[in-house]
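Please consult the sequence and coordinates alongside the points below.

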Amino acid sequence: MTGLSSGAERGRGVSPRANASPTIVLGLRSADATQEWTQALSEALPHARIVTDSADAPAADYAVLWRPQPGFFARQPGLAAVFAAGAGVDWLLTDPTLPAALPIYRIEDGGMAEQMAAYCAHEALRFHYRYDRYEAQQREGVWQEWPYVSPARCAVGVFGMGKMGEAIARALAALGFPVRGYSRSPRALVGIECFDDSHGLEPFLQGAQVLVVAAPLTPATRNLFDATRLAQLPRGAFLINVARGDLVVEEALLAALDSGALAGAALDVFRTEPLPREHRFWTHPRVRITPHVAAITVVSESARQVARRITQLGLGEVPSGLVDRSRAY
Ligand code: GLV
C-alpha cells in the first residue's frame, strides 16, 4: 500500500496523501492511450508515479479509467478517487464491482464541447440547407439551384444541457437556428428557450425540427426515445445522437426513417460499438454514421484537468466534476 487513508477518513473528505507524491494507475483501452496519458500526466504532475493496470501494479491513490479490464477494482482496493477519461460515466456506474463510496470525477469539456458543437452544427446545416441535394447533383453533373430557406424556420432542440449541450445550443443559435434546450432542472440561458421536467418532454419535442440527443445515459434516459417519443417530433425532423446509443430505441428509429416520419439521422453512438457490419444503419439511405468521434478526449487538456483535481484533493478541497451517483452523472 502507499500509505492511503482509511475509507472513513476518505468519507470525511480528508486528503489521502496531502504530503506525498501520489501514485496514479491507468486502466485505459489501448497502449497508445496509456502512453499518451502517462506522458501528459507526468508533465502535469512531475512528482506523481504513473503506473499501468496489471496484476502486479503497485497500490495506487488515484485511477484514470476508460472501460478498464475486469477485476480492476479488486486489484486496486485503496483508491481515493477515480477519474473517467471522458465525459460519460455510464460504463463505470453500471460496473457491479465499483466500490459504493468511491468518488468519481468526469472530464468537464476538456476540449470536447467544441468538437461536439462542430459536429452538430455540421449536421444541422447539412440537413437544413439540403447540401445532400448538391452532393447528389454533382454525382449526376447537374447544375441546379434550390431556393434559400432561412435557418430561422428550423428550430433545433438540444436534449441535455450540460457543458456539451450548452456548447451545442450556443453554436447552433449563432448560426441562426432558433434553439430550445431541455434539462432536468430549470435553466435560464440568454437566446435559448429553456424547457425542463416541469414542462414535460412532449412540448419540447413538438417544436424540434432537429433533435440533438446530448444527455448522459442514466436509468431515466435509457430507451427514452422510443416510438412514442419519436412520433412527437414534427414530421420530417432530423435526429442527431452524440450521447449514447442506448437512449434511442433502434427499431423505433429505423421504423420512423423507413416511413419518412423522420427525414434522417446522424448517429455517432450505437448500442453495440463497433456497429456490427450487418446492421441496417450502415446501408440506410437516411442514416449518416460516424464511429463515436463527435468528441474525442483531448488527452493533454484532460490530463491537466485531472492533475488540477488531484492537487485540489491533496489540499482537502472538493474539485468540480464530481459525479452525483443518485443522478448517475
Ligand atoms: C465519450 O463518449 C465520452 O463520454 O467522453
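Asp-196 touches Tyr-182, Ser-183, Arg-184, Ser-185 and Pro-186, not counting residues up to four places away in sequence; contact means heavy atoms within 4.5 Å. The model is predicted: local features need pLDDT of at least 70, side-chain atom pairs count only at pLDDT 80 or more, and totals for chains, interfaces and linings use all residues. Residues are numbered from 1 along each chain as its sequence is written, and side-chain values use heavy atoms, with hydrogens and water left out.

- Asp-196 belongs to strand 8 (residues 192-196); helices (H or I, at least four residues) and strands (E, at least two) are DSSP runs, numbered from the N terminus.
- Although buried, Asp-196 has no salt bridge, and the nearest side chain of opposite charge, Arg-187, is 9.4 Å away.
- Buried denotes under 20% relative accessible area, exposed over 50%, and partly exposed in between (1.4 Å probe, protein chains only).
- For charge, Lys and Arg count as positive and Asp and Glu as negative, while His and the chain ends are not counted.
- The side chains of Asp-196 and Ser-198 are joined by a polar contact of 2.6 Å.
- A polar contact is a pair of N or O atoms within 3.5 Å; within protein, one must be able to donate a hydrogen and the other to accept it, and residues adjacent in sequence count only if both atoms are side-chain atoms.

**Salt bridges**

- The count comes to 14 salt bridges, each being a side-chain nitrogen of Lys or Arg within 4 Å of a carboxyl oxygen of Asp or Glu.
- Glu-123 and Arg-288 form a salt bridge, with the closest N and O atoms 2.8 Å apart.
- This pair links distant parts of the chain, since Glu-123 is in helix 5 (residues 112-128) and Arg-288 in strand 12 (residues 287-289), 165 residues apart.
- Glu-123 counts as buried because its relative accessibility is 4%, whereas Arg-288, at 26%, counts as partly exposed.
- Another salt bridge joins the side chains of Glu-166 and Arg-170 (2.9 Å, N to O).
- Glu-166 and Arg-170 are four residues apart in helix 7 (residues 163-174), so about one helical turn separates them.
- Arg-170 has a relative accessible area of 40% and is therefore partly exposed.
- In the salt bridge between Asp-324 and Arg-327, the closest N and O atoms are 3.6 Å apart.
- Asp-324 is partly exposed at a relative accessible area of 28%, and Arg-327 counts as partly exposed at 32%.

**Backbone geometry**

- The peptide bond from Glu-273 to Pro-274 is cis, with omega near -5°.
- Pro-274 lies in the loop between strand 11 (262-267) and strand 12.
- Arg-130 is not a glycine, yet has a positive phi of about 55°.
- Arg-130 is placed in the loop between helix 5 and helix 6 and counts as partly exposed at 33% relative accessibility.
- Asn-223, also a residue other than glycine, has a positive phi near 60°.
- The loop between strand 9 (210-213) and helix 9 (227-231) holds Asn-223, which is partly exposed with a relative accessible area of 33%.
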